[in-house]
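This report describes a protein model in terms of its interfaces, its nonpolar cores and selected local features. The sequence and structure are shown first.

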Amino acid sequence: MQHRLLKYLRRELLPTVFCSGCGGGTILNLFCHIIDEMNLEPNDIISVTGIGCSSWIPSPYLAVDTLHTTHGRAIAFATGVKIMQPDKKVIVIAGDGDLAGIGGNHLIHAARRNIDLTVFLVNNNIYGMTGGQVSPTTPISIKTTTTPYGNIEPPFKIAELVAAAGGVYVARWTTYHVVQLKKAMKEAIEKIGFSFVEICSQCPTSYGRRIGRHEGIDLLKDFKANAINIKNTSKYKKEELENKLILGKIVEKSRPEFVEGLKQINSKVKIKER
Amino acid sequence: MKRTVYLKTLKNQTRFIQGDEAAASGALFAGCNFFAGYPITPASEIAELMAGELPKVDGYYIQMEDEIASLGAVIGAVWAGGKAMTATSGPGFSLMQENIGYACMTETPCVIVNVQRSGPSTGQATKGAQGDIMQARWGTHGDHEMIAVSPNSIQETFDLTIKAFNLSEKYRHPVIVLMDGEIGHIRERIVFPDIKKLDIVPRKLAQEKCDPFGGMKIPPMIEFGMKHQVHVTGSTHKSNGMRDVSTKEVHDELVRRLCDKIATSRDEIVMFEEKFTNDMEFLVISYGASSRPSKGAVLALRKDGMKIGLLRLITLWPFPDKIIKKCSARVKKIFVPEMNLGQISREIQRFCNVDVIPVSKIGGVPHTISEIVIKIREAVG
C-alpha cells in the first residue's frame, strides 16, 4: 500500500536529490501534510520558485502547476500569475540567497503592494547549491568559501524586514519546530494578502560542515537550543537575545489586497457602446 | 465582452497619435490583457496608455519595481492564461535579457517593445537610436533564435505590434518590436480597424494531457489551471517539462528544436519592402526611422538619373538573408543608413560580395536626406 501523501508528489521523480540531513525533505513533507489537512485541491495551487536547493523542494516534486523561474525572480513571476488567476493559491518557495539576496527588491515591493501571495523563505544561511558562499543571512564571523577570514557583514533579519515592508502575516520557525511551523504555514496560506514564513532550515553539506556541525541533526539541536518564543522575549535582556532565534508570529494584520484593488478599478471603468 | 464593446467603439476612427501610443493600441487590438512595465524614456507613454486603457478591456496593468520584474510578471501572466506585453528602452532592455532567454527556453509567447534610445549606458536618454539591433539578437546567453520587427511609421507600429503577438503565439516565442525613439515619439495619422476583421492567432492549447515541451516542432501549451500539473523551467528539460540537466541528448534535442522552429520558418516570418529594384545598379538598405530619409535620398538620386533601389527591412530577425543575397547579386554597391555604427551593415556584408557602405549616424538626430545623398554621390563618383 502506498503512503496516503504520495499522491501529492510526482512519484516518478523520487527519491529527491537533497543531501542527507537537508531540511528540504522536512518542508516537502510538511507541504504534503498541509495540502491534505487543509483539504486543498492540488489543482488550485500554483507553486513558483527561484533558483537554488530550496526552490527544488516543490519544483518539480510537488504535483501541482510549478513555475521554476530565473534566480531571484520567483515573486515577480508569481505576481503575474496571481493577477491572471486570483482564485488560485500562489505559493512561492525559495531560499535566502534567492529571496533576500538577488531578489530582495521584489520581496519588499510585493509586501508593500500586499499582493495575495504566500512566500516560504527557506533560510539555510548560505548559498548551498553553489557550494557554500556567504549569503545575506549568514551570521557575522562565520567562515564560508567566500569569507575565508570570517563574515564581516551583519545579516538581514529577513522576517522583520518583510514585516516592516508591509507583509500582513509574518512568522519565523525552524525545521526542528515542525508542529509550530506547520501551523504557521497553514495560517500563511489562509491569510489574504502578502504572507511570509521564514523557515530556518539546515544545510549540513555547505554550511554545517564549515562550522563544526557535520550532521543535519547537529544543526537541528542548535535550532532547539537557540530558540526563544517571541512571546517570551520580554523576559530577556537585549544582549541575551543576540544570536538567538526569535520564533513565532511577528505580524498579523489586515489591509487592502492588491489584486482586489485592480479588480475594483476594472469594475469602476465603464464602457459606453456606440 | 467588455473588450469587444470598447474596441468596436474605435472602429474606423482616425487619430493623430505617437508611435508609443500606436504600439499600445496595437496590443489592445491583438488581445493583450496584461502589461507590466517600468518607466523609461522614450517608452513611458506605452505604459501610460496601457494603464488607462487595460481596465476598459478587463485587462490588468502593473508597474513593477524594475524591468527584470516586469518581464518576469509578463511571463508568469502568460502561463496563467494572459496575453502579455512589456515595453522599455535600452537600459531596461539590458536588464530584461535573462528573462528573454527564459521566455525562449520555456517557449512563452510574449511581446517586448524596445523603443531604442542612444547608448551605451544612460547615453542620450531622450534621443532616439538604433543601437540595440545586435542586443535584440544576441543579448541573452546561449544558443537561440529571435524574432524582431522594426516599424517605420505610426500605422505600421500599430500593425506590427498585432503581428508581433501573432508571431509569438504561432511560434511560442518572445517577439521584440524594435522601435526607435523617433518612431516612438513622432505623431502621424492612424485609422483603427474593425476588431472583427483582424486576423488574430489564438494560443494553441493542448486538448488533453500531452508533452508541452517537445514531441513536435511547436508543441501546444498547457497553461496553469488546466489540471495537468505542468512544470515550467528554464533549466534544460525533457519534452514533458521535467528537468534533465545532465543528458547530452536531451539538451541537444531541445535547443536545436527551439532554434529550428524559427530558422526553418524564416520565409514565413521575414517581411520587407522593395522599391525601384527592377533597374537598380545601386541599392540602399535601411529600416525603422532611418528608412524614411533613405527613401527621400533614393527619390532624389533617381530624379538625377541614378539607377538606385531601396530595400526596407521590416523583419530584422530572423535576418532577411535571401532577399539581400538576391538583390546584392544585381548591384555594384550597397548603402546602409542606420542610427548606429554599422550593426545591420556588417550583417548585410556577410551575405554579399559587393561593397556594403555604412551610412552611420549617431548623436540622437536622424539622417537628413542630403546627408545620405552626399555620402552616396561621394562613393559612386
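## Conventions and a buried phenylalanine

A residue is called buried if 20 or more other C-beta atoms lie within 10 Å of its own, exposed if 12 or fewer, and partly exposed in between, with C-beta atoms placed from the backbone. F29(B) counts as buried because it has 22 C-beta neighbours inside 10 Å. The model is predicted: local features need pLDDT of at least 70 and side-chain atom pairs count only at pLDDT 80 or more, whereas totals for chains, interfaces and linings use all residues. Residues are numbered from 1 along each chain as its sequence is written, and chains are lettered from A and ligands numbered from 1 in the order in which they are written.

F29(B) belongs to helix α2 (residues 19–30) of chain B; helices (H or I, at least four residues) and strands (E, at least two) are DSSP runs, numbered from the N terminus. Residues are in contact if their C-beta atoms, placed from the backbone, lie within 7 Å. Leaving aside residues up to four places away in sequence, F29(B) touches L7(B), I162(B), P193(B), I195(B) and L198(B). F29(B) and I162(B) are 133 residues apart along the chain, yet their C-alpha atoms are separated by 7.1 Å.

## The contact between chains A and B

Chain B contributes 41 residues to the contact and chain A contributes 34 residues. On the side of chain B that touches chain A, two or more residues come from each of α1 (2–9), β2 (34–37), β3 (60–63), α4 (67–79), α5 (90–105) and β10 (231–233) of chain B. Of these, α4(B) gives the most, with nine residues. By class, this side of chain B has 21 nonpolar, twelve polar and eight charged residues; Ala, Val, Leu, Ile, Met, Phe, Trp, Tyr, Cys and Pro count as nonpolar, Asp, Glu, Lys and Arg as charged, and the others, Gly among them, as polar.

Strand pairing, which requires at least two DSSP bridges, also links the chains. Strand β2 (residues 65–68) of chain A and β10(B) run parallel and are joined by three bridges. T66(A) has H231(B) as its bridge partner in β10(B).

## Helix α4 of chain B

Just after α4(B), G81(B) adopts a positive phi of about 100 degrees.

## Nonpolar cores

A nonpolar core is a set of buried Ala, Val, Leu, Ile, Met, Phe, Trp, Tyr and Cys residues joined through C-beta atoms within 7 Å. The largest has 181 residues, of which V81(A), V74(B) and V113(B) touch the most other members. α4(B) gives the most to this core, with nine residues. This core lies between domain 1 (2–197) and domain 2 (274–380) of chain B, because both give residues to it; the domain bounds come from an automatic or database domain assignment.

V113(B) touches A23(B), A43(B), I46(B), M85(B), A87(B), V177(B) and M179(B), not counting residues up to four places away in sequence. A second, separate core of six residues includes F18(A), I126(A), C203(A) and Y207(A).

How values were computed: Two residues are in contact if their C-beta atoms, placed from the backbone, lie within 7 Å.
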